Amino acid sequence: MSGLRTTSSYFRGSKVKAWVLKEASGQCECCGSDAPFITAEGEPFLEVHHLRRLADNGSVTITNAVALCPNCHREFHYGENKKVLVAKMYESVGRLRRE
Ligand SMILES: [Zn+2]
Ligand SMILES: [Zn+2]
């Protein structure tokens, strides 16, 4: 039944994404920059990142997700200071819960 589980977490994930993007209202929650462009749907383009990776059993909730500009998003994945960035997010974004 893993197919079913995948489907429901997909829908849950898209709800969380929508909420986080709305909360960010077009500004990166890490650096505060405006989204780099407006999408064809008319929404500011930001990417949702899970602070604890889903692969590491991170939860699909608004307490584990942030909206980032593409530059910050890359840095969270590849930057030498990614742990510092994560710690900064836990401090600056009140809804987040460390997992
Ligand atoms: Zn940013
Ligand atoms: Zn990410």
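From the N terminus on, the chain runs α-β-β-α-α, which gives three helices and two strands in total. With a radius of gyration of 14 Å against the 13 Å that the globule rule gives for 99 residues, the chain is as compact as a globular protein of that length. Keep in mind that this is a predicted model. The zinc ion (ligand 2) has three histidines as its protein donors: His-49, His-73 and His-77.

**Overall build**
- The C-alpha trace spans about 40 × 35 × 25 Å along its principal axes.
- Of the contacts between residues at least 6 apart in sequence, 54% link residues at least 24 apart.
- Buried residues account for 35% of the 99 in the chain.

**Zinc site**
- Along the sequence, the donor residues follow the spacing H-x23-H-x3-H.
- His-49 belongs to strand β1 (residues 47–50) and His-73 to helix α2 (residues 70–78), so this pair ties together parts that are 24 residues apart in sequence.
- His-49 is buried, at a relative accessible area of 7%, and His-73 counts as buried too, at 11%.

**Surface and charge**
- The chain's accessible surface comes to about 6,700 Å², and carbon and sulfur atoms hold 53% of that.
- There are 14 positive and 11 negative charges on the chain, and their mean positions are 8 Å apart.

Key
Residues numbered from 1 in each chain as written. Chains lettered and ligands numbered in written order. Predicted model: local features only at pLDDT ≥ 70, side-chain atom pairs only at ≥ 80, totals over all residues. Heavy atoms only, no water. Helix = DSSP H or I, 4+ residues; strand = E, 2+ residues; numbered from the N terminus. Rg over C-alpha atoms; globule rule 2.2 N^0.38 Å. Buried < 20%, exposed > 50% of the residue type's maximum accessible area, 1.4 Å probe, protein only. Contact = heavy atoms within 4.5 Å. Areas by Shrake-Rupley, 256 points an atom, 1.4 Å probe, with all protein chains shown as cover. Lys, Arg positive; Asp, Glu negative; His and termini not counted. Charge placed at Lys NZ, Arg CZ, Asp CG, Glu CD. Donors = N, O, S within 2.8 Å, 3.2 Å for Na, K, Ca; no water.
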